[in-house]
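Please work through the exercises below with the sequence and the model at hand, and try each task before reading its solution.

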2 protein chains.
Amino acid sequence: MAATYFSKRNLQFLLHEVFKADELTKYEYFSAHDRETFNLVLDSATYIADTLMQPYLKDVDRNQPELKNGQITVHPKIKEYLKAMGDAGLIGAGFSFEHGGQQLPEMISACVGFILMAANNGMMYTGLTSGAAHLITSFASSELSEFYVPNMLAGTWQGTMALTEPQAGSSLSDVTTSATPQPDNTYKIKGQKVFISAGDHDAVDNIIHLMLARIDGAPKGTKGISLFVVPKYRKAEDGNFVDNDVISTGVYHKMGQKGVPAMHLTMGSNDNTIGYLVGEPHQGLPYMFQMMNEARIGVGMTAAGIATAAFYAALQYAKERPQSRRLNEKNRLDAPQTAIINHPDVRRMLLFQKSVTEGSLSLLIEAARLFDISQVAEGDEKENAFLLLDLLMPVAKSYPSEMGVQSVSQSVQTFGGYGFTEDFPVEQLYRDIRITPIYEGTTGIQAQDLLGRKMTMKGGKAPQLLFAEMSKVIAEASTFDDLKPYADQLTAELRRTQEVMASLLPHAQKGDIERYLSDATLFLEMFGIMVVAWQWLKQAVVAKQTLLTQNPQGNDLIFYEGKIHTMKFFFHYEVPKTLGLAQRLKDTEVLTIVSEKELAL
Amino acid sequence: MAATYFSKRNLQFLLHEVFKADELTKYEYFSAHDRETFNLVLDSATYIADTLMQPYLKDVDRNQPELKNGQITVHPKIKEYLKAMGDAGLIGAGFSFEHGGQQLPEMISACVGFILMAANNGMMYTGLTSGAAHLITSFASSELSEFYVPNMLAGTWQGTMALTEPQAGSSLSDVTTSATPQPDNTYKIKGQKVFISAGDHDAVDNIIHLMLARIDGAPKGTKGISLFVVPKYRKAEDGNFVDNDVISTGVYHKMGQKGVPAMHLTMGSNDNTIGYLVGEPHQGLPYMFQMMNEARIGVGMTAAGIATAAFYAALQYAKERPQSRRLNEKNRLDAPQTAIINHPDVRRMLLFQKSVTEGSLSLLIEAARLFDISQVAEGDEKENAFLLLDLLMPVAKSYPSEMGVQSVSQSVQTFGGYGFTEDFPVEQLYRDIRITPIYEGTTGIQAQDLLGRKMTMKGGKAPQLLFAEMSKVIAEASTFDDLKPYADQLTAELRRTQEVMASLLPHAQKGDIERYLSDATLFLEMFGIMVVAWQWLKQAVVAKQTLLTQNPQGNDLIFYEGKIHTMKFFFHYEVPKTLGLAQRLKDTEVLTIVSEKELAL
């Protein structure tokens, strides 16, 4: 049997009790589903995770892909996994019936991702394929769609996102890969891409790159970038597949997530790489950005999944490992050693991990829910969901990543010296999760997005919507005596954020964006704590209501009381961090903007 | 040439300008030395680090020791390194002339450790030998000393600290390895030890374990533990060396510090392991604890060294890597990309690394200086130095470790995706440094030591001494207009700590130690920030005085101004974290003490 790496009970609580997933089925698009079909999909993912993923967590890490004679060989289980995912319809779960999908909400697809990544994040292949295929179904011609998508959703062709170049990482406006129009409306592609996850491997028959390139003569900057489908093997006129001159120049050896090769690719070295334009010319970045929210939910779920698996490993160890006596019984030498979970310092570390991981998952399901509503609702409901999602996205990507890194570090610490050894999974998870604050826009980029764009777009409407949502939870919580202090604290956090914004905005109004954004990462951190506090209060309200109305017993009683306890932990231990952050953010001393005077750096 | 992995300029500044190392030479014991001999030793260490260590950083990591047929093979450079260190007199640098040492202060020895560990912490062998040999010279018979120490200081025999057992890590009172007296006054040893660093390897001719064991019939708990010398090969009556039945049962494969094997050892499986008692029976723990301060300075220096090497790698990359344009020039698409060091968010990450690493090194040199004075001074001076050192030790071990982990994480982040690859050293350093909050007493154990013992011993005399030292620096800083605000802030931090103590002490007075210590780790974190703020203000005062009196130019001007700038950064970005910590520490809500009511953990 696979080890515990996530809590099914908690996932059910969040999906059905807190976020009421089946309410989505009232929308026409999701009307074929109900709670039961949602759970069947999650069970199917859990079965694959239990049998084909989690047992190979270590093995996939220890046998990293190697490039030999231009060929990348990956772990043999990857092929089995991809086939199982395709057969179960899980790669296309979120796609419309028309495109061969199950027309499931992102709420469910994202939770599938959570389960898979908690089981074995080194098998991170199918999310990339889904994302790439989704770009095709959304923006490409039906011809391209009909040719590529079925094989991708079947798990026999791999999809990738081919954005990054050696000189263009965070700065996509500097992409230089070129696309030269051909008489048959295709393009010849020339250039290099780096860090392309799953950019080549032997577990599939073809690799389909969704690639950014610049059509000859296109405008400079972001307005001249187009999106292309660039396959590893293209179909020639005679119907045979021929090599498309996409060469695997190198594979990066990484600290973690070793199961997925990060490729360095060279296109057009024999002048024979053909790309197929997706949609209109010069619309590459807008198309990509429309997919960005799903991709970022995916990274958040990866981080939350990894940190959750580490938490459960640490929790089990803490319950089983005897060491020392309780502090008030230090001198009772005859007494047996106590399990370390009984030491306050260890319990603090575990509650930290629980509060971070379950808070992150809650926020990500909230984001997925808003994503779904923004897709299927109409009018104000649609627009409001979209705005609120846009605001929450930088937090939903970076909070699980940044705090997940710290959470797994505390999982390692819970194990003591054993946590540093390969005998337990936490050292691997500590390495694996470290990429998540870098993937899909680093934390610094997310922070600029939040403060530089999302807080102020449409006259600041998005934060207004958030504050309104928070106020609803605050009002509900205030009706319970023991939750009211936390409702009040959340109100105070909301005011703190508003004060900080009031002190920062004048810089933006003067046009000094560099100063306005100089501590954006700290703003993101502060804002993230407030947002996760809101998620915890929301969970506590549901737990409280259930305790009062349904009189749960046994494990259920422990579960709901544990929710309220962990909410309190978050408010007493994590929320106070905003005091120092707000002080710095309101501080007028500038120390990080480069000036004429050189600093000793 | 080796890459930059530490700043010689900064080390000279701290040793000679801030801490005036040559003042130690006024004590008889150190009177053979002067500033020049100190610097010669540091140059000698730097030469070894540059030529035999730093170039092999990656190689030592990639070729970890393996156990085959009971033999551990380590990287071939280790043997060369040990010989060079022995030949240069660096293993015994801190030993008295009588024992074949150079009678150098710990201030210098500790800085030697810093340089070596910054160069290649995977070659962490000689500090263990020094520590083990020092136990022998301090407490063992002259017979044992004369037999073992010369070979150890020559680098041909390895020393180890053999404390931990499978069931006794943080809780040494549960050590069960047994020692049975023999007619010839030796002891037969039986038991197992785990995580014994350098516990066996082929780069030396013998391994000398300083091992804790319990003599048959000894009292339970810490009062019945004795210290033994247990060699791998012992000298038989015929003068030949024979196998001493210390079997390498296993080697731990670790996330980092892979160059040093962490051994699982079994003694007495053939009933043929002989141990030699060090000093008196049942005094094992007191002996060990007398060595603990040096060992903990060593771990702190290891952490500071690793984080420093990562900082210089990140700094170089940030100066060379172009990406994007400055935020106020975003739309100038024709402009070349700027070096990322010019982005405020990157500069903030770099200043964080600089403030943590240079603050840590300063604190550790302060601790080493107090150690020296506690050894060679007399009367009140000696006792006060000892008390202050004892108070600072948990901070000097844990601040560089805990904050070093975060600092190296920011080094990785500075590199973006490249930081996660094996192409740059930061991913290795990120793995390596993670052990330091666990070694030699985890952070949780250090916190209990600080709050549970050091803050209250001798009626709270140690914190009084610290506050008096801090007040001196505050008074000096207050004479400079631009330093005065920071002096005032440090005074406020001092008061904050006193307030927190006042709110915690009643629990201890009531005998509820568990409650008193439940958030000890947060107290340690808060206390650590205050202590490092004091170190930064101390450095800033010296820099300010030098700027005013010596009119430095060029790189020197930049260096001193950079010191003041980094001090400001620490006060504006790091010190505000104490606000949230103090709020939690004064909070009355108990959430981590196990109660009758089971929590959902």
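**Exercise 1.** Determine at what angle and axis distance α16(B) and α18(B) pack, and which residues make the contact.

*Solution.* Begin with the axes: α16(B) and α18(B) pack at an angle of about 145°, with their axes 9 Å apart. Here helices are DSSP runs of H or I with at least four residues, numbered from the N terminus, while axes are lines fitted to C-alpha atoms over the stretch in contact, and angles run from 0 to 180 degrees between N-to-C directions. Next, list the contact, where two residues count if their C-beta atoms, placed from the backbone, lie within 7 Å: α16(B) contributes residues including L522(B), F523(B) and M526(B), and α18(B) residues including K577(B), L581(B) and L585(B).

This is a predicted model, in which local features need pLDDT of at least 70 and side-chain atom pairs count only at pLDDT 80 or more, whereas totals for chains, interfaces and linings use all residues. Residues are numbered from 1 along each chain as its sequence is written, and chains are lettered from A and ligands numbered from 1 in the order in which they are written.

**Exercise 2.** Find how many residues each chain brings to the contact between chain B and chain A, and which helix of chain B gives the most.

*Solution.* Chain B brings 79 residues and chain A 79 residues. On the side of chain B that touches chain A, α17(B) gives the most, with nine residues.

**Exercise 3.** Explain through which surface the copies meet.

*Solution.* The copies meet through the same surface, because 100% of the interface residues of chain B are also interface residues in chain A.

Conventions
Helix = DSSP H or I, 4+ residues; strand = E, 2+ residues; numbered from the N terminus.
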